[in-house]
Structure formats: C-alpha cells, structure tokens
Amino acid sequence: MSEPEEELQGEQRDSTKKKKKKKKRKEKRSAKKKNKKEEGEKREEEQVEEEEENSECVMLRGIFKLGKKSHDVLLTRTRLTWIPITPETPTAEVCVLQPGVLLLRDVFAVKVKRRRAAGQQSGGPVLGVALFCCRRRGRRLEEETLHLHNASAEHTQTWYNTLKELLTESSSRPRYLKVFINPSSHKKEAVHIYREHVAPLFKMADVRTDITVTERKGHALSVMKECKLDEYDGVVCVGGDGSVAELCHALVLRAQLDADSPEKPVKPLLPLGIIPAGSTDVVSCSVHGVRDPVTAALHIVLGHLQQVDMCSFSSLGQLVCFGFSAMFGFGGRSLARAEKKRWMPSSRRREYALVKTLARLRPEDCQLSFLPAKKSNRDQDQDPESDGEESWTTNQGLYLSISIMSIPCLSPHAPRGLAPNTSLANGSAALIAVGNTSRSEFIKHLKRYSSSSGQFSFSFVETQVVSAVRICPRSLIGWSEEESEEEGESKTSPIIQSEGAAFPWNIDGELVEIANEVLVRVHPQLITLYGEEVNEAESTVSCSCI
C-alpha cells in the first residue's frame with residue numbers, strides 16, 4: 001500500500017473516532033437532560049400525589065343518622081362519604097354496602113338543624129346538620145338537602161364549623177352581588193321570579209345582595225358607571241336578552257373607563273350572572289342549557305365561571321355597542337315590525353312579525369366583507385385593521401339575511417343553536433349569509449333550525465368562521481322610508497345619524513337602526529359569565545308560526 005493511501009486511511013480512522021466521541025458526548029448530554037426531565041416529572045407527580053393525599057385525608061369522622069339508619073360518615077377536603085353501619089350476622093357473612101358520596105363542590109350551604117316550637121325564632125335542641133347541595137337532572141341543576149342527624153350539640157357544632165370553613169375556601173363563590181331587575185321584561189315576571197326562586201337560594205348560601213330595579217332603558221348602564229364595583233364579587237341580571245346585552249356593554253365600558261383605555265376593549269373583573277326572565281333568553285340558554293331560574297341561581301352560588309367571546313359593533317369609527325350576536329336583513333326587519341306592535345302578547349307579536357316579513361320578503365343589496373379567523377390567533381385579540389386589506393374577503397350581492405354570532409345562540413326554538421358550529425370561547429364568530437332565493441326555499445331553511453341539523457345544506461347559504469365582518473348596505477331606501485310608504489307611519493331617527501337611509505339591526509334582541517357601514521369585531525373571552533359550556537339546549541317550545 002502506498003504512503004498517500006495509508007495517510008488517507010489514517011485520516012478516515014481519526015475522523016471516525018472523532019465522530020464516535022462526539023456521538024458519545026451527545027448521548028451523555030441527552031441522557032443527562034432526560035434524567036433531569038424525568039426527575040422533574042417525578043417531583044411534579046410526587047407533588048400532585050401529595051396534594052391528592054392531603055385533599056383525601058380524613059378531617060372528621062362520626063356517626064350520624066341518615067333517615068332511620070346509622071351511618072359512619074367521613075369528611076375530607078373534597079367530599080363527604082357515608083356507609084351504613086350493619087350489625088354482624090350469626091353466620092359471619094360480610095355484607096358489602098356501597099358508600100354514599102357527596103362532593104363538596106356541589107354543596108352551597110350548611111346549617112345546624114334545631115327543633116323549634118311554632119313562632120320560636122332562635123334556639124332549640126340540636127338535631128344535626130343539613131347540607132344544601134345541587135344535583136344534575138340533564139341540564140338542570142336542582143336543589144337537594146342531605147340531613148345528618150346527631151343530637152350532640154358539641155359534635156354537631158364541630159362538623160358545622162369545619163364544613164363552613166371548607167365551603168368558604170372557594171374563591172370563585174360570590175359573597176356580595178349587585179343585582180339588576182328589569183320589571184318590564186317579557187310578561188313582567190322578573191321581580192316575582194327573583195323573589196320566589198332566586199332570593200331564597202342567595203339567602204341560604206349567605207350571599208348578600210344590593211338590588212336595583214331598573215326604571216327605564218339605559219338605567220343599568222348609568223348605575224354601573226357610577227357605583228363602586230370593588231365592593232362586589234359579581235353582577236346579576238334578572239331579565240331578557242336586552243337587559244343582559246345592556247349590562248355586558250356596561251361592564252366592558254366601565255372596565256375601559258377604569259383602565260383609561262377608551263379605544264381598546266378591557267376585560268371586566270367581575271363576572272355576570274343571568275337569571276332568565278325574557279321571551280327567548282338566548283344568552284342564558286347558551287351558558288345554562290335551560291331557561292330555568294333555579295339552575296341559573298345555583299351556577300352563581302356555586303361559582304361556576306365560563307369565559308365568553310363578545311363582539312363590538314361600530315359605524316363610522318363610533319362604537320354602537322358590545323354584544324354577542326347580530327342579524328341584518330330578515331332578522332332586523334322582523335324585529336322592527338314586532339317593536340311596532342308592543343301592545344300584542346309576545347308570542348303573537350313574534351308570529352305576526354315573522355309572517356308579515358315573510359310576506360314582504362325582499363333581499364338587501366350590500367357589500368359583505370369578512371376576515372377569516374386564524375386558528376393560531378383565536379386566543380388573541382385580532383385587530384382587523386392591522387391585518388391589511390388583502391386578507392379581507394369581499395362579496396357584493398343580494399342577501400335575505402346576514403347573521404354574526406360569537407356564541408351558539410341556543411334557545412327552546414333552536415335547541416342546537418342558530419350558530420351550532422361555534423362555541424362560547426373559541427375566539428371567533430359564525431358568519432351565516434343567506435343569499436337571494438325563493439320564499440319557499442327560505443322558509444325551508446328557517447324551519448330546519450328547530451330540527452337537529454341541515455339548515456346550512458342549501459346552495460344559497462354560506463357559512464364562515466370569522467374574526468371580523470364589514471357590512472355596507474348599498475340600497476337607497478332604508479327601513480323607515482319603506483315602512484312609511486307601506487303603512488303611512490312617520491320616520492324614526494336612527495341610532496347613528498347620517499344623510500343615508502337607516503337599516504334595522506337585531507343586536508341581542510334589541511332594535512338598533514344604523515344608516516352606514518357596520519364593522520363587527522370579535523374579542524376573545526372578553527367577559528366572564530356564571531355558567532358552563534353547553535352543546536344543546538333543552539327544547540320545550542315548538543314554533544307554530546311558519
């Protein structure tokens with residue numbers, strides 16, 4: 001073998017040795033990292049196990065009667081369990097009994113039971129402890145009571161004090177609430193609903209309240225601008241969707257005012273609880289699944305919190321309001337007709353408006369632009385202006401209806417929601433654009449909302465997931481002019497004045513007339529509501545209007 005060949009082979013051997021050494025070093029480093037990672041994971045697991053052990057450590061144990069049988073009752077930081085005490089049988093057979101379990105997260109109040117004579121307000125012999133809790137029945141939450149009987153005053157007081165201490169540890173449970181009641185909502189039953197179904201639960205859970213009964217539209221907004229919110233743990237609205245929208249708007253505006261941020265929406269610190277007392281209660285159904293004041297009140301006292309997306313509606317750079325949903329075209333026109341017949345009962349008024357609007361069905365000539373939601377940015381607050389004009393998609397044409405919804409908008413009339421493909425906090429809104437079509441086809445589309453699905457399977461219906469929408473009407477004849485021609489009524493002035501014609505918008509069930517381009521923008525998780533994510537509402541009403 002020649003010298004150059006030997007040198008080449010030597011170099012190759014050296015390079016292979018170096019590569020092997022580097023590989024070993026890398027393997028050692030990766031093994032060290034792996035070991036550190038495993039050690040970190042082990043520590044985390046140990047901490048979790050330790051926390052679980054502490055939470056499941058028995059704090060109290062005693063004998064109580066449940067019904068007519070004695071039970072061995074155990075209390076940990078998270079649950080209460082009880083096992084019947086059974087005497088031994090002569091045959092020494094072991095009877096395995098299933099223990100009863102009650103999670104403390106479902107308990108909202110605990111009281112000492114006493115025997116009292118008629119008219120006696122205080123004192124009396126101790127009978128035991130009563131735990132007030134909620135049980136799920138489908139989507140409903142129902143109040144239940146667990147009675148633990150023990151005549152020992154000392155034993156009972158020990159259990160009462162420990163249970164009370166454990167219940168007050170939850171930071172999400174409110175202690176002082178600002179309550180707004182709209183006495184004019186729907187059948188004017190809001191005050192009765194609050195007194196009969198909600199106030200007793202608040203009192204039982206030791207929740208103090210400061211109540212304002214609103215006297216006019218905008219009353220809640222003016223009170224919210226002035227009151228000291230740092231005194232409260234939450235705000236409660238007893239009313240319909242209009243009252244809810246006004247309070248949500250007020251909470252965000254107040255947060256902007258406190259943060260000195262007039263341009264950018266600010267997340268309010270206080271959560272909002274909704275006691276349904278309206279005609280449709282779309283927002284309440286979307287966070288509770290049912291139109292039930294007891295369910296809503298139990299969500300509040302138990303501190304069930306749900307982050308929810310909101311939209312801002314602006315025109316010509318001026319903020320109109322904050323809200324959850326808006327309808328332009330058919331939805332706006334039918335609401336405008338219903339508002340003119342306030343003397344009718346709500347169900348008849350709704351049916352009249354729908355039938356009249358269908359009879360005079362006509363499309364809106366407008367320019368529709370939208371900004372598709374980016375999956376990577378759904379948890380961030382997107383600015384439509386910063387994304388540039390090239391990212392907007394623009395269509396021009398005739399539309400019978402355009403809906404923008406940041407929540408599913410569940411209701412008894414539409415159990416899966418008007419926008420079933422969106423959720424409460426996904427950082428985007430559903431855009432549903434219904435193009436021009438025949439009256440019969442449009443009615444078929446509407447009727448599908450009350451069934452399980454299929455409302456978007458028509459060729460004239462387009463759906464998009466968006467973060468912003470612009471709608472610019474191009475018609476010269478607005479709602480007021482059309483109505484004055486048809487019914488001889490005087491023109492009404494729009495919310496935002498301009499030289500053009502005014503067009504009706506249905507924003508969270510409230511009629512807003514706007515004459516210019518409207519920009520709708522989604523703000524992810526802008527507000528916190530008492531409730532939880534719901535996929536489908538309880539259907540108790542069948543629509544007979546079509």
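Predicted model: local features only at pLDDT ≥ 70, side-chain atom pairs only at ≥ 80, totals over all residues.
## Ground rules

Local features need pLDDT of at least 70 and side-chain atom pairs count only at pLDDT 80 or more, while totals for chains, interfaces and linings use all residues. Residues are numbered from 1 along each chain as its sequence is written, and side-chain values use heavy atoms, leaving out hydrogens and water.

## Around Leu-201

Leu-201 is buried because its relative accessibility is 4% (buried is under 20% relative accessible area, exposed over 50%, partly exposed in between, with a 1.4 Å probe and protein chains only).

Leaving aside residues up to four places away in sequence, Leu-201 touches Phe-108, Glu-143, Val-294, Ala-297, Leu-298 and Val-301, where contact means heavy atoms within 4.5 Å. Phe-108 is 93 residues from Leu-201 along the chain, yet their C-alpha atoms are separated by 8.9 Å.

## Aromatic rings

There are 8 aromatic pairs, counting rings of Phe, Tyr and Trp (its six-membered ring) with centres within 6.5 Å; planes under 30 degrees apart are stacked, over 60 edge-to-face and the rest tilted. Phe-330 and Phe-442 make an edge-to-face pair, at 5.0 Å centre to centre and 75° between the planes. Phe-330 lies in helix α8 (residues 330-339) and Phe-442 in helix α10 (residues 439-447), so the pair ties together parts 112 residues apart in sequence.

Elsewhere, Phe-328, Phe-503 and Trp-505 form one aromatic cluster.

## Helices α4 and α5

The axes of α4 (residues 219-226) and α5 (residues 241-259) come within 9 Å and cross at roughly 25°; axes are lines fitted to C-alpha atoms over the stretch in contact, with angles from 0 to 180 degrees between N-to-C directions. Therefore α4 is roughly parallel to α5 (under 35 degrees; over 145 is roughly antiparallel, 65 to 115 roughly perpendicular, the rest oblique).

Note on methods: Helix = DSSP H or I, 4+ residues; strand = E, 2+ residues; numbered from the N terminus.
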